[in-house]
Amino acid sequence: MAGNKGRGRAAYTFNIEAVGFSRGDKLPDVVLKPPPLFPDTDYKPVPLKTGESEDYVLALKQELRETVKRMPYFVETPEEKQDIERYSKRYMKVYKEEWIPDWRRLPRELMPRKKCKKGAKSKKAEDAGKGPSLTNPVDVLKKIEELEKKGEGEKSDEENEEKEGGKEKSKEGDDDEEDDAAEQEEYDEEEQEEENDYINSYFEDGDDFGADSDDNMDEATY
Amino acid sequence: MTQAEIKLCSLLLQEHFGEIVEKIGVHLIRTGSQPLRVIAHDTGTSLDQVKKALCVLIQHNLVIYQVHKRGVVEYEAQCNRVLRMLRYPRYIYTAKTLYSDTGELIVEELLLNGKMTMSAVVKKVADRLTETMEDGKTMDYAEVSNTFVRLVDTHFVQRCPLVPATENSDTGPPPPAPTLVINEKDMYLVPKLSLIGKGKRRRSSDEDATGEPKAKRPKQSTDNKEPIPDDGIYWQANLDRFHQHFRDQAIVSAVANRMDQTSSEIVRTMLRMSEVTTPSGAPFTQPLSSNEIFRSLPVGYNISKQVLDQYLTLLADDPVSFFFSFFCYLHKALGSLATATLESVVQERFGSRCARIFRLVLQKKHLEQKQVEDFAMIPAKEAKDMLYKMLSENFISLQEIPKTPDHAPSRTFYLYTVNILSAARMLLHRCYKSVANLIERRQFETKENKRLLEKSQRVEAIIASMQATGAEEAQLQEIEEMITAPERQQLETLKRNVNKLDACEIQVDETIFLLESYIESTMKRQ
């Protein structure tokens, strides 16, 4: 209504004086780029508080930061395998306490699946049937599948007994089986490819055992 | 959750628990409640790692789980709780001021471990205290237990929800996840334990010296031969109670600034008396009679009853005050504190004139542009400039009041007003962003100088081990010279910068606390 563009002349719909420009003033330039990343500030920031308590809290904070790194809750990212395994790495592992959560308070699905039983079974079966060291991977896979079926048979019986969760749970269970089996297949293949005469079950005890035996080996070769 | 909050959560999780836990945690914060398999699938991490990460997060009360129908368990992250990790040093320091070193260590252990049983806490704290004591002295468990009980009595430590006792586990299969319950009354019930023992000192042969092989050290045997008497009863730090304490502190210091020491002491007494009786979300404390206050004043203050009455009337009559006849209107108190924060931010960013305008608009609620210029006594052009600057930063907002139904701009009133709640939210968001920036910058600085830091650490370790084995002065000198003078300078600068950044984080967190409390209190009232 008031504020029609009168015959080609530009007129503003509001009182331009209210905004701060008088008639005929040059309007400020249109800004064509984003504001600078670090704009200059007219006013310096207020200095930080200093004092005994502030210093103490600061020290606490820094100590806390160091401490959390050493706690068992700090989950290290598993490093990718390096091409050359450094000897020194074995001796620089930081000692960390194991933390075992209270399983009564957590959902059951969070418990790590017991793979050791299955692993031992399948490994022993392979050792028994291992004449030449390079057995056919196909045979190995077949053996694993047989064992899997046996294992699955047992497990699926258990699951049918469970009343709740019916289909979904058994599906989850099956998926788990497959995951485990798949992982184990890969693991077993790697084992097979390692051409050595040592029976794998020897080194199940862990790194310490392996380290000791290496040392002995060095000295024994005269 | 805003982007700034998510970023800050991500940085905090990464610093405390590593990258895997961070990935899972941030994913849960972003997407809400999800079951285990979906998490593993969406984040592309292996099931084992997801399980481990979830265990850690649940232990620290950062993630909760719920059993849905058909046995599916869903996990949900608590973003607010993650942000609290920034405040851990302040909680620990508060415990120290109230309950000295023992209290400090108890709270520290609880915060570091999420939840613990009382016996575990007492044992660990006693061991740690014994380390710092002189040779031959040990810390008795009883003393630590006493401090623990005191912390529970004042509600700084509370019980975690319990697993309900399984009635009959043979009817039907056990549920996929326990449902944890907690009774209001039981939250501060300390089990009767007789913890007898003394703290143990770590043997010097066990102490870590870098460079020595640690992998061969035998794992510490868990001496859990005897059954733990309070098995299953876990305790956690009660963060709300700490917040209440911070709030009281802020109010007391505000009163001290405005009036004098005595009135702040009176206020402190009032607040302390209603500490345990006021539920955490209440807008005002319980009303108290002046007699009660008089009796509860600390011993050193010999003021007569009449003087006390005078002070109380003074506190109540003050227009800016938040006291109305003997109870403290907490919501208003928080509002005042938040407003004061806003004012000071405006002052520091835009100058004192802007602050004057801001306070003016705050006081008069709604003002037109012309009125602003008149009241503030600032030339028109400058006033406009400042108003628009504040408007663009969202400290001030514009309210339109049309004269005609068609909202024509030339016939509408435009009033400037300050909406405290939205301004507070905006400022809070900015605070989160600043803390995230501070942490990133600190990490950047540390990464830049990583090589140098490692070198200096190695040198220190070598010097320490040489001193332990008794080396000559000349040898030590030689080792120290391994770090050249400019390198030393660089280290100094790095240390100073990191300290400064850390101090900034702590102080921004104080502002965050004030703003969060205000916003929470306002939301509760609506």
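View 1. K124(B) is partly exposed, with a relative accessible area of 31%, whereas E109(B) is buried at 5% (buried means under 20% relative accessible area, exposed over 50%, partly exposed in between, with a 1.4 Å probe and protein chains only). In this predicted model, local features need pLDDT of at least 70 and side-chain atom pairs count only at pLDDT 80 or more, while totals for chains, interfaces and linings use all residues. Residues are numbered from 1 along each chain as its sequence is written, chains are lettered from A in the order in which they are written, and side-chain values use heavy atoms, with hydrogens and water left out. The two side chains form a salt bridge at 3.7 Å, N to O (a side-chain nitrogen of Lys or Arg within 4 Å of a carboxyl oxygen of Asp or Glu). E109(B) belongs to helix 6 (residues 88–113) of chain B and K124(B) to helix 7 (residues 118–132), 15 residues apart (helices are DSSP runs of H or I, at least four residues, numbered from the N terminus).

**View 2. E373(B) with K384(B).** Here the closest N and O atoms of the salt bridge are 3.8 Å apart. E373(B) lies in helix 15 (residues 369–376) of chain B and K384(B) in helix 16 (residues 380–392), so the pair ties together parts eleven residues apart in sequence. Both residues are buried.

**View 3. A salt-bridge network.** Have a look at K61(A), R65(A), E15(B), R442(B), D502(B) and E505(B), which are linked by salt bridges.

**View 4. C160(B).** The sulfur of C160(B) is 16 Å from the closest cysteine sulfur, in C55(B), too far for a bond. C160(B) is buried, with a relative accessible area of 1%.

Key: A disulfide is a pair of cysteine sulfur atoms within 2.5 Å. Helices (H or I, at least four residues) and strands (E, at least two) are DSSP runs, numbered from the N terminus.
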